[in-house]
Amino acid sequence: MPLKETLNNAHSHWMDGSGPEADIVISSRVRVARNLAQLPFPHLLSPQQAGQVIDAVRAAADSAAVREKAGELTVIRMNELTPVDRQILVEKHLISPDLLEDFERKAVVLREDEVLSVMINEEDHLRLQCLLPGLQLNEAWQLVNALDDGLEATLDYAFDEKLGYLTACPTNVGTGMRASVMLHLPGLVLVNQIRGVLAAISKLGLTVRGLYGEGTEAAGNLFQISNQITLGQAEEDIVAGLISVTRQLLGQERAAREALSRERKEQLADRVGRAYGVLKHACIMSSEEAMRLLSDLRLGINLEMIKNIPASLITELIVLTRPAFLVHAAGRELSPVERDVYRAKLIRRKIAAAQQC
Amino acid sequence: MMECERCHQRPAVIFLTEITNGQKRTMRLCEQCAREIQAESFGFLPQIDLHNFLAGLLHNEFNPPASGPAEPPAAGARCEACGLTEAQFARQGLLGCGECYKYFGERLEPVFRRIHGTTCHAGKVPERTGGRVKVVNRIERLKLEMKEAINREEFERAAQLRDSIRELEKELQQEDQAHASERNSE
Ligand SMILES: [Zn+2]
Ligand SMILES: [Zn+2]
């Protein structure tokens, strides 16, 4: 049963570090919002109507058109899952946290490889998603587009000739598309250029998200960049624009990494080495500390300072050490302290195993 | 001392920042709340209060500032399909159904213009239910191509494109006539 595997396995195709530019671009994601023409948007649905939406999508997902264009899909109502299992789907980025609220009315559609998923009755009736490793926005859009064509063979979408696809939140109207890349930018953070670079990007109709500590660097040095505009641009143009900005950023990040390796060689080696040492030997580790150290270690792997650990393991560890995964792996509830102990143990074990191969 | 915006109890020490269109929005959090948010959504951080932000925009749109002639509230400002009222919409930032766009559309246009710079969709059209939009878009694309062909002095190509455009336009006309006679017979 594919769902069991999804829940037992932290690994997902998007984490395997295989795509282009995978040293900096962790993943590419395309989401599109669709609504059914005959029913109110999810926040106004009665429980029966919510069930109607799920049934309609289930029928469409089983249709020959969808099978042919997107493959075999499984529909799972959220109330068929335990709370921990639901949280795991969030931690693997297959659904958004919004799908956990009022979950009796919601469902998720998954393809076995977890590349394609559909959230049902989130803010819109359908949110189609494709998540791929590395910089593969075009590929992600093509997969979502094909799945969308397959679903539309059966479903009547709310569509307006002038405004395009109609969405619950008017800021998504038009293409209903949100394309994003998740970037690891430790170089730009270390050379202190990150704020300027991100501020410049945000003037281009793109949104940047990151987590900052006051006066310190972003935890994990991870940033998500996505399009803000959904009206007046074709999907292909939105994707092309985001790719070109991402390439610009890749150039700057690589330049920063080069400058650091050239001019701050010892400091960099020291930082990476310390992260490696602590990850390998610590017995208690909070999630912030893990994120910070895993970021440093990933940079060291990318710069070939550390050679016997694959970068994909870092992405996997980041997901594997999230709270719900730890609870799932432990098979019982964990107190915060137990969690930190368990997290450290898991990291030690995984790193040791990688070094033996 | 600044208090945490989430729990309103502990002091805020972490700033969660989102930058859009050069505008920075910051959420001030205590360490514990930041940790919780981070644990919930590693990497893919939630959009900070996008609905509130939008509701703010809509609020301004629907409640023009006191200066200038005060517009009386539009009568019957509710969607007849789902019953959503203008007040509900301005509060939540969410529309109730596809029909709402007909009832609130005009008031939304300035908002679209501000966010997207336009009010017209230029992307995908559904294959089965898209109808004539698909053909119209196709014609627009061919016209552009024809212009480019003429600029490059590829006149043979331009003539081919012109013929395709004429054919599609004829198709549209026939469709419109069919629709019109359908309506007459009703
Ligand atoms: Zn707090
Ligand atoms: Zn409505």
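Why is strand β3 of chain A largely enclosed by the rest of the structure? I opened the notebook with that, keeping in mind that the model is predicted.

**Entry 1: strand β3 of chain A.** I looked up residues 107-111. Five of the five are buried, so the strand is largely enclosed by the rest of the structure. I took buried to mean under 20% relative accessible area. Next I checked the faces. In a regular strand the side chains alternate between the two faces of the sheet. On one side of β3(A) I found A:Ala107, A:Val109 and A:Arg111, and on the other A:Val108 and A:Leu110; all are buried.

**Entry 2: its partners.** I turned to strand β2 of chain A, residues 73-77. Five bridges pair β2(A) with β3(A), in the antiparallel sense. Strand β4 of chain A, residues 116-120, also runs antiparallel to β3(A), with four bridges between them. I then followed A:Leu110. A:Thr74 stands opposite A:Leu110, and in β4(A) its bridge partner is A:Ser117.

**Entry 3: the hairpin.** Four residues lie between β3(A) and β4(A). I noted A:Glu114 there, with a positive phi near 65°.

**Entry 4: helix α4 of chain B.** Where is this helix kinked? I found a kink of about 65° at B:Glu106, shortly before the proline B:Pro110. I also checked the span. B:Gly117 follows α4(B), and its phi is positive, near 80°.

Definitions and conventions. Residues are numbered from 1 along each chain as its sequence is written. Chains are lettered from A and ligands numbered from 1 in the order in which they are written. This is a predicted model: local features need pLDDT of at least 70, side-chain atom pairs count only at pLDDT 80 or more; totals for chains, interfaces and linings use all residues. Side-chain values use heavy atoms; hydrogens and water are left out. Buried means under 20% relative accessible area, exposed over 50%, partly exposed in between (1.4 Å probe, protein chains only). Helices (H or I, at least four residues) and strands (E, at least two) are DSSP runs, numbered from the N terminus. Two strands pair if DSSP finds at least two bridges between them. The bend at a residue is the angle between axes fitted to the seven residues ending there and the seven starting there.
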